[in-house]
Amino acid sequence: MKKPKKVFVEGPISPDFISRSIAQHSTKTGIGAHQIFLGQVRADILDGHQVKAIEYSAYETMAENIFHDIREATFAQFDLSCMHIYHSLGEVKAGEICLFVFVSSKHREACYKAIHELVEAIKAKVPIFGKEIFEDGAHIWKVNT
Amino acid sequence: MKVTVLLFAQLAELFPSSTLEIEVTSLQEIIENLESKNPDFIGQQYSVAINEEIVQNEIALKDGDIVALLPPFAGG
């Protein structure tokens, strides 16, 4: 088995990191389509309290293995040239990016479908937990819907 | 047999430590042990992973197993 690619990054994913990631593909001229999904922390209001940040934690070793399985299954299903997945750990403030999924292919159709499958699989299968922290310091635990 | 129990997120908040080494014979016994340590554990939602594989039903534990109790996922 190949060594799983590192997915987790500490803190938010910066727009600069995302732009550099796009730039790195300019030499791969067989690619005709990129598709990107960005997850952003929402300032939800729950019971009158506004979320200021989400603190992410994970069962990291299991999560990295599941990310690897999801990658392999998606490569097997769609004709993709490359795929990158990054997810935050630790605190990510409202308005900042916590998930960056990037797929590339020769043609657009594979990208559209793959990105949808990937994001849904990540949300459903990966043991990541989110503590929603309110302005007043209280917190609740987020549940994916 | 001795197993390691890993608790995450809201489940970890219920106990002094998120890692427990306990002598048990079954998954059910782990649950009962945690419920007796803190009754707030009763009724919590979680899935169970044994050695990083999600299990749906009660399965036989082995000495040294790592049993993780995983609250609802919130990635993305």
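Colleague: Which residue forms a salt bridge with A:Arg20?

Modeller: This is a predicted model, and what follows should be read with that in mind. As a general point, side chains of opposite charge can pair when their charged atoms come close. For A:Arg20 the closest N and O atoms of the pair are 3.3 Å apart, within the 4 Å that a salt bridge requires, and the partner is A:Asp16.

Colleague: By about how much of the helix are A:Arg20 and A:Asp16 separated?

Modeller: Both residues belong to helix α1 of chain A, which covers residues 15–23. A:Arg20 is partly exposed, with a relative accessible area of 43%, and A:Asp16 is also partly exposed, with a value of 45%. Because the two residues stand 4 residues apart in this helix, the separation between them is about one helical turn.

Colleague: Is A:Arg42, whose side chain meets that of A:Asp44 in a salt bridge, buried or exposed?

Modeller: The side chains of A:Arg42 and A:Asp44 meet with an N to O distance of 2.9 Å. A:Asp44 has a relative accessible area of 22%, so it counts as partly exposed. The relative accessible area of A:Arg42 is 55%, and since the class for values over 50% applies here, A:Arg42 is exposed.

Colleague: What is the N to O distance in the salt bridge of A:Lys93 and A:Glu91?

Modeller: A:Lys93 counts as partly exposed, at 46% relative accessibility, and A:Glu91 falls into the partly exposed class as well, at 38%. Their side chains meet in a salt bridge, and the N to O distance given for this pair is 3.9 Å.

Colleague: How many salt bridges does the structure hold over all chains, given that the rule finds 0 across the interface of chain B and chain A?

Modeller: Among the salt bridges of the structure are the pair of A:Arg20 with A:Asp16 and the pair of A:Arg42 with A:Asp44. Across the interface of chain B and chain A the rule finds 0, while the count over all chains is 6.

Colleague: The backbone oxygen of which residue does the side chain of A:Ser105 reach?

Modeller: A:Ser105 is part of strand β6 of chain A, which runs over residues 97–105, and with a relative accessibility of 2% it counts as buried. Leaving aside neighbours within four places in sequence, its contacts include A:Ile31, A:Gly32, A:Leu80 and A:Cys111. At 2.6 Å, the side chain of A:Ser105 reaches the backbone oxygen of A:Asp79.

Colleague: In what order do the elements of chain B run from the N terminus?

Modeller: Chain B contains 2 helices and 5 strands. Of the contacts in chain B with a separation of 6 or more, 48% are made by residues 24 or more positions apart. From the N terminus on, the order of the elements is β-α-β-α-β-β-β.

Colleague: What radius of gyration does chain B have, beside that of a compact globule with 76 residues?

Modeller: The C-alpha trace of chain B spans about 35 × 30 × 20 Å along its principal axes, and buried residues make up 49% of the 76 residues in the chain. For 76 residues a compact globule would have a radius of gyration near 11 Å, which agrees with the value for chain B, 12 Å.

Colleague: About how much area do chain B and chain A bury between them?

Modeller: The size of an interface is often given as the accessible area lost when the parts come together. The contact takes 17 residues from chain B and 23 residues from chain A, and 10 residue pairs across it are in polar contact. Of the area buried, 62% lies on carbon and sulfur atoms, and the amount that chain B and chain A bury between them is about 1700 Å².

Colleague: Which residues of chain B lose the most area to chain A?

Modeller: The side of chain B that touches chain A divides into 12 nonpolar, 3 polar and 2 charged residues. Together 41% of what that side buries comes from the residues that lose the most area, namely B:Glu52, B:Phe73 and B:Gly76.

Methods
Residues numbered from 1 in each chain as written. Chains lettered and ligands numbered in written order. Predicted model: local features only at pLDDT ≥ 70, side-chain atom pairs only at ≥ 80, totals over all residues. Heavy atoms only, no water. Contact = heavy atoms within 4.5 Å. Buried area = accessible area lost by both parts, 1.4 Å probe. Polar contact = N/O pair within 3.5 Å; in protein donor to acceptor, adjacent residues only side chain to side chain. Nonpolar A, V, L, I, M, F, W, Y, C, P; charged D, E, K, R; others polar. Rg over C-alpha atoms; globule rule 2.2 N^0.38 Å. Buried < 20%, exposed > 50% of the residue type's maximum accessible area, 1.4 Å probe, protein only.
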